[in-house]
Amino acid sequence: MPRDWNALAANSDGLYESSDFKHAMYQLVVQQCIYLRQRDQAVAYRLISAHRDAFAEAVALMGLRLGFVDRHELCYVTQDGGTQSPMDLQETLFLLTLRHVYHTRASAGDLTPDGDALIDIAEFEESYKSLCHRDFDGRVDTLRTLLKMSARHGIARAVDAPEGDPQPFAIMIWPGIVEVLSEYALNRFGADLKARAVNAEAAPAAQESTS
């Protein structure tokens, strides 16, 4: 990797400046998934894809791993090794449900040509209850907030509901969710949820023994 981005910019025949590389790097790290089809990400995707080795080495210095899914024209970064950022229980269950729904749709071949899964709120809530053994305890506003969080990371977002559909919005799950929520991440989430459940069950028992 060059000491800075000036050398790569100089070799682009005036097509890019060093600031373009810096901005692409920032987008990649902050947004986690970058798609060619997203208008505000297309420049960054092309730049990263054309200089894969340089960006891979750059993110590796941050403990991240760069990957590509060429058939969907996306790139992504995940944390390398066992260091993972903690998430609260609601976010964890939400993301697990999205990942489960996407897997189900993909297995049935029910994805858009771009590899997206379009679902309605009812399907999300039913899947949440089946997977988590509890009702989704948030309101529509809560779901919308969680989707804004997932949209920032290229996982899923709220989209307009089909014409004539009374639901306030539909949910579009992007293919990047498969890469961001790897099998390792799913196993980690499962262990974390089990620990939380044990602690939650132990707390009332401890209170009763001290009363």
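Hi everyone, let me start with arginine 105, which is buried, with a relative accessible area of 15%; buried here means under 20% relative accessible area, exposed over 50%, and partly exposed in between, using a 1.4 Å probe and protein chains only. Before I go on, this is a predicted model, in which local features need pLDDT of at least 70 and side-chain atom pairs count only at pLDDT 80 or more, while totals for chains, interfaces and linings use all residues. Residues are numbered from 1 along each chain as its sequence is written, and side-chain values use heavy atoms, with hydrogens and water left out.

Back to arginine 105. Its side chain meets that of glutamate 123 in a salt bridge, at 2.7 Å from N to O; by salt bridge I mean a side-chain nitrogen of Lys or Arg within 4 Å of a carboxyl oxygen of Asp or Glu. Glutamate 123 is partly exposed, at 22% relative accessible area. Helices are DSSP runs of H or I with at least four residues, strands are runs of E with at least two, and both are numbered from the N terminus.

So how do H5 and H6 sit against each other? Their axes come within 9 Å and cross at roughly 105°, which makes H5 roughly perpendicular to H6. The axes are lines fitted to C-alpha atoms, for helices over the stretch in contact, with angles from 0 to 180 degrees between N-to-C directions. Angles under 35 degrees count as roughly parallel, over 145 as roughly antiparallel, 65 to 115 as roughly perpendicular, and the rest as oblique. Among the residues that meet are Phe94, Leu98 and Arg105 from H5, and Glu123, Phe124 and Tyr128 from H6; contact means heavy atoms within 4.5 Å.

Phenylalanine 94 is worth a click on your screens. Leaving out residues up to four places away in sequence, it touches Phe124, Tyr128, Leu143, Leu146, Leu147, Met149 and Ser150. Phe94 is also one of the residues with the most contacts inside the largest nonpolar core, which has 34 residues. Such a core is a set of buried Ala, Val, Leu, Ile, Met, Phe, Trp, Tyr and Cys residues joined through side-chain atoms within 4.5 Å. A second, separate core has 23 residues, including Leu66 and Val77.

Now for the other charged pairs. The whole structure has six salt bridges. One of them joins the side chains of arginine 37 and aspartate 116, at 2.7 Å from N to O. Arginine 37 lies in the loop between strand S1 (33-35) and helix H3 (42-50), and aspartate 116 in the loop between H5 and S4, 79 residues apart. Buried or exposed, what is aspartate 116? At 4% relative accessibility, aspartate 116 counts as buried, and arginine 37 is partly exposed at 33%. Salt bridges that share partners join Arg37, Asp114 and Asp116 into one network.

Two last stops. Glutamine 41 sits in the loop between S1 and H3 and is buried, at 9%. Proline 113, in the loop between H5 (89-107) and strand S4 (117-119), counts as exposed at 85%.
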